[in-house]
Amino acid sequence: MVSYKDLGLVNTRAMFAAAVKGGYAIPAFNFNTMEQMQAIVMAAVETKSPVIMQVSKGARNYANATILRYMAQGAVEYAKELGCAHPEIVLHLDHGDSFELCKDCIDMGFSSVMIDGSSLPYEENIALTKKVVEYAHKYDVTVEAELGVLAGVEDEVASEVSHYTKPEEVIDFATRTGCDSLAISIGTSHGAYKFKPEQCTRDPKTGKLVPPPLAFDVLHEIEKKLPGFPIVLHGSSSVPQDEVDTINAYGGKLPDAVGIPEEQLREASKSAVCKINIDSDSRLAMTAAIRKYLAENPSHFDPRQYLKPARENMKKMYIHKIVEVLGSDNKLLQK
Ligand SMILES: [Zn+2]
């Protein structure tokens, strides 16, 4: 058993309470590689922002769970080395799908876990979430649960259609499970193709797809039912069109990739939404930089040559999200 506290990590409790009160959101960036981890830490330190580094089941399969945990530990030390006296870094399991997986992560030093029982019948979701909460809270690990179903693909978790969270269920669910935060479905979606062209309109000037707006009425209903309770948005990449254009200009093929407009994420951040998950945008920033570099430097073959601009581009994107969209800059609780 490794406690996250010994690794210098923190859970989400204090940072979420402050974020809900302060009208901003904590960034939750997925990572599987050293370059992503470095870019996340550099961005968080430079902007003095708390940050959630999250690992999906797919990331654990790709990078190895033990390595990822040591990387998170390394991230804390790296943040200190970069001049942050008290880094506020959470190591979070994204989309845990079983009690065993959550327990495994808690036992190996994660400070927060998500148990995603959203595809289960309501009572089964409650029972599973409650079981994880009971175990996690023994070790002061925070738990994110999910109600409602998002469309899109995230690793092995895929759903064709979304079902908005039912506001009438949230009080019962939060009370009976004891979860610390709740991921809801209000129209965000996993992946770089969040909406089918027929769900969108098209900007006549650019020819780009304009996605349907998020269901803010559902969010506000939920906020009214659970005042001050931390709400989480998944599938909230904005799929920056300049990165998509760069990828397509240098041999890629991402037609009609579309995300959640940043304006809407900015608005959500001011509400009880206190954690916003961003994964695809990092993938796009990395791939765009690598494609461009290799196309312009066909004789280069040292991975450091193309991973360096990739890391720079991700860092720039993370800083942009923190400062311009989520508003979590200068929000460290301990200066
Ligand atoms: Zn998700």
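User: What makes the space of about 40 Å³ count as a cavity?

Analyst: Happy to go through it, and do keep in mind that this is a predicted model. A cavity is a set of points where a 1.4 Å probe fits but cannot get out. The largest cavity has a volume of about 40 Å³, and the structure holds one cavity of 30 Å³ or more.

User: Which residues line the largest cavity, and of what class are they?

Analyst: The lining is made up of Ala44, Val45, Ser49, Ala79, Cys84, Pro87, Glu88, Ile89 and Leu332. By class, seven are nonpolar, one is polar and one is charged.

User: Why are His95, His190 and His234 called donors of the zinc ion?

Analyst: Donor atoms must lie within 2.8 Å of the metal. His95 (NE2), His190 (NE2) and His234 (ND1) lie 2.0 to 2.1 Å from the zinc ion, so they qualify as its protein donors. Histidine 95 sits in strand β3 and histidine 234 in the loop between β12 and α9, so this pair ties together parts that are 139 residues apart in sequence. Both of these histidines are buried.

User: Why do cysteine 102 and cysteine 200 count as buried?

Analyst: Buried means under 20% relative accessible area. Cysteine 102 has 1% relative accessibility, so it counts as buried. Cysteine 200, at 12%, therefore counts as buried too.

Definitions and conventions
Residues are numbered from 1 along each chain as its sequence is written. This is a predicted model: local features need pLDDT of at least 70, side-chain atom pairs count only at pLDDT 80 or more; totals for chains, interfaces and linings use all residues. Side-chain values use heavy atoms; hydrogens and water are left out. Donors are N, O and S atoms within 2.8 Å of the metal (3.2 Å for Na, K and Ca); water is not among the atoms, so sites may look incomplete. Helices (H or I, at least four residues) and strands (E, at least two) are DSSP runs, numbered from the N terminus. Buried means under 20% relative accessible area, exposed over 50%, partly exposed in between (1.4 Å probe, protein chains only). On a 1 Å grid over the protein atoms alone, a cavity is a set of points where a 1.4 Å probe fits but cannot get out, and a pocket is an open set with protein on both sides within 12 Å along at least five of seven lines; lining residues have an atom within 4 Å of a point. Grid points are joined across faces, edges and corners, and a volume is the space filled by probe spheres set on the points. Ala, Val, Leu, Ile, Met, Phe, Trp, Tyr, Cys and Pro count as nonpolar, Asp, Glu, Lys and Arg as charged, and the others, Gly among them, as polar.
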